[in-house]
Amino acid sequence: YYGGEYYAPERMGKAIWDTTYQDLKRVNEILDYVARYNYLCSIEDETEREAYRIANFSNATINVEQNIHSIVHTTSYGTSYIVKIVEGENSWHISRSGGNGYDLTITRESDGNYAVYLNYFYRNELIGQGDFKAEVVYADEPTISYTGTLDMTDYSASKDKPLTITTRITEALVFSRGAGITDGRMNITVYDALYGTTDKITAHITKDKKVIIDCLGTSTGYQLL
C-alpha cells in the first residue's frame, strides 16, 4: 500500500480481496458441482434424470459400481479428468484428478445441513484447505450458503516462507451459479512468512452485488464482477 508519505490502504485491501474472491469462486464451483450431482442422483424419473444429466453433465461419462461413482469429463482440449465419489453411510468422499484437482469429504448432519472438509484443492499456484458448515436449497438451481474457514497458501515466491491467506466467513456466504455471491461477511488475514508481516481486512458482500472492504481505517465499495 505504498510507503513513506503516500498512504493508500485501499489499494492493499483491494489486492487482498481480488485474490480471495478467486479462491472463493473456486470453492463455490466445487460445492456447486457436488450439489448438482447429488440432485441428479435423487431424480427417480428416468426421462427427467436424463434431461438433467444432459443439462449439467453433457461432457461426462458416468459409471456407478456399488458405492463408487466415476465421472469422466472430456475437455475442449481433448484431455480428460475424473471425479470419483465414494458413498459412505452418511458421507461422500469426492476427489478430482488433474491440475485443478481437489479432495473433500461431505457429511450430512442431523439437522439436514452438511459438514464440508476440503482436504485440499488447487487454484493456479495456490493450494487450499477448508472447513465449512453448509446448507443447500434446491430450486431452479442449487443455492448454497456456508460459514467456516478457508486457508490458502502460495508457495510460488518461497517454499520455506510462503504467503498464507486465511478467510474466516462469519456470516453465511450465499451463492448460486446464476446469481454468483449475493451475501456474506468475512475476516481475511494475510501472513507473509518471508517478511514476517500480517495484514487484515474485512469484506462484506451486499445483496446488490457489491463488496465493502474495510482496511486500516478505510472503507471502500466495489461492484462484484
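1. Lys209 is partly exposed, at 26% relative accessibility; here buried means under 20% relative accessible area, exposed over 50% and partly exposed in between, with a 1.4 Å probe and protein chains only. The residue sits in the loop between strand S11 (197–205) and strand S12 (210–215), where helices (H or I, at least four residues) and strands (E, at least two) are DSSP runs numbered from the N terminus. Lys209 is not a glycine, yet has a positive phi of about 65°.

2. The model is predicted, so local features need pLDDT of at least 70 and side-chain atom pairs count only at pLDDT 80 or more, while totals for chains, interfaces and linings use all residues. Residues are numbered from 1 along each chain as its sequence is written, and side-chain values use heavy atoms, with hydrogens and water left out.

3. Most residues other than glycine have a negative phi. Gln66 belongs to the loop between S1 and strand S2 (68–74) and is exposed, with a relative accessible area of 78%.

4. Ala60 is part of strand S1 (residues 60–65) and is buried, at 10% relative accessibility. Apart from neighbours within four places in sequence, Ala60 is in contact (heavy atoms within 4.5 Å) with Arg53, Ile71, Val72 and His73. Arg11 is 49 residues from Ala60 along the chain, and their C-alpha atoms are separated by 42 Å.

5. Is Asp32 buried or exposed? Asp32, in helix H1, counts as buried because its relative accessibility is 4%. Leaving out neighbours within four places in sequence, Asp32 is in contact with Pro142, Ile144, Phe175 and Arg177.

6. Aromatic pairs are counted for rings of Phe, Tyr and Trp (its six-membered ring) whose centres lie within 6.5 Å; planes under 30 degrees apart are stacked, over 60 edge-to-face and the rest tilted. By this rule there are nine aromatic pairs. In one of them, Tyr39 and Tyr52 are tilted, with 5.1 Å from centre to centre and 55° between the planes. Tyr39 lies in helix H1 (residues 9–42) and Tyr52 in helix H2 (residues 46–57), so this pair ties together parts 13 residues apart in sequence. Tyr39 is partly exposed at 25% relative accessible area, whereas Tyr52 is buried at 15%. Ring pairs also link Tyr33, Tyr37, Phe57 and Trp92 into a cluster.

7. A charge sits over a ring if NZ of Lys or CZ of Arg is within 6 Å of the ring centre and within 35 degrees of the ring normal. Lys14 lies over the face of Tyr222, at 5.2 Å from the ring centre. Lys25 lies over the face of Tyr21, with a distance of 4.7 Å to the ring centre.

8. Which residues are closest to the centre of the largest pocket? A pocket is an open set of points on a 1 Å grid over the protein atoms alone, where a 1.4 Å probe fits, with protein on both sides within 12 Å along at least five of seven lines; lining residues have an atom within 4 Å of a point. The largest pocket has a volume of about 330 Å³, the volume being the space filled by probe spheres set on the points, which are joined across faces, edges and corners. Of its 19 lining residues, Val34, Asn38, Trp92, Ile106 and Tyr114 are closest to the centre. H1 gives the most to the lining, with four residues.
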